[in-house]
Amino acid sequence: MSNKEGSGGFRKRKHDNFPHNQRREGKDVNSSSPVMLAFKSFQQELDARHDKYERLVKLSRDITVESKRTIFLLHRITSAPDMEDILTESEIKLDGVRQKIFQVAQELSGEDMHQFHRAITTVGFIFFLTV
């Protein structure tokens with residue numbers, strides 16, 4: 001019979017000898033140390049970059065959706081009797097796309113474009129450039 005079988009099937013770990021609330025009794029972390037302050041600033045920088053990335057992803061999706069809606073609206077122009085109404089509605093939708101593209105430009109001003117290039121899809125932008 002092995003030692004493992006006789007003890008109930010599990011081995012006791014080293015940290016199981018200490019109560020849970022007293023494990024780090026001797027290791028008091030100083031939150032004002034230079035290392036902790038540096039990591040705090042890195043954390044804030046990474047959080048800000050991640051938030052900007054998420055805003056760019058959302059704007060890019062919104063641009064793509066509005067561009068596709070405008071395309072489908074313009075496809076109806078041949079079968080609809082009210083061509084002027086469709087054109088004015090599509091112009092309003094394109095103004096919304098222009099505003100979102102301007103927001104993307106504002107988000108990216110002063111930033112390295114290569115850090116955020118995957119957040120932006122080009123489908124909506126290509127449509128916007130062809131109109």
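User: In which helix does Phe39 lie?

Analyst: Helices (H or I, at least four residues) are DSSP runs, numbered from the N terminus. Phe39 belongs to helix 2, residues 34–75. This is a predicted model, where local features need pLDDT of at least 70, side-chain atom pairs count only at pLDDT 80 or more, and totals for chains, interfaces and linings use all residues. Residues are numbered from 1 along each chain as its sequence is written, and side-chain values use heavy atoms, with hydrogens and water left out.

User: Is Phe39 buried or exposed?

Analyst: Buried means under 20% relative accessible area, exposed over 50%, and partly exposed in between (1.4 Å probe, protein chains only). With a relative accessible area of 54%, Phe39 is exposed. Phe42, at 47%, counts as partly exposed.

User: How many aromatic pairs does the structure hold?

Analyst: Rings of Phe, Tyr and Trp (its six-membered ring) pair if their centres lie within 6.5 Å; planes under 30 degrees apart count as stacked, over 60 as edge-to-face and the rest as tilted. The structure holds one such pair. The ring centres of Phe39 and Phe42 are 6.3 Å apart and the planes stand at 90 degrees, so the pair is edge-to-face. Phe39 and Phe42 are three residues apart in helix 2, which puts about one helical turn between them.

User: Which residues does Lys93 touch, leaving out those up to four places away in sequence?

Analyst: Contact means heavy atoms within 4.5 Å. On that basis Lys93 touches Glu66, Arg69, Thr70 and Leu73. Lys93 itself lies in helix 3, residues 83–108. Between Lys93 and Arg69 there are 8.2 Å in space, C-alpha to C-alpha, and the two are 24 residues apart in sequence.

Definitions and conventions
Helix = DSSP H or I, 4+ residues; strand = E, 2+ residues; numbered from the N terminus.
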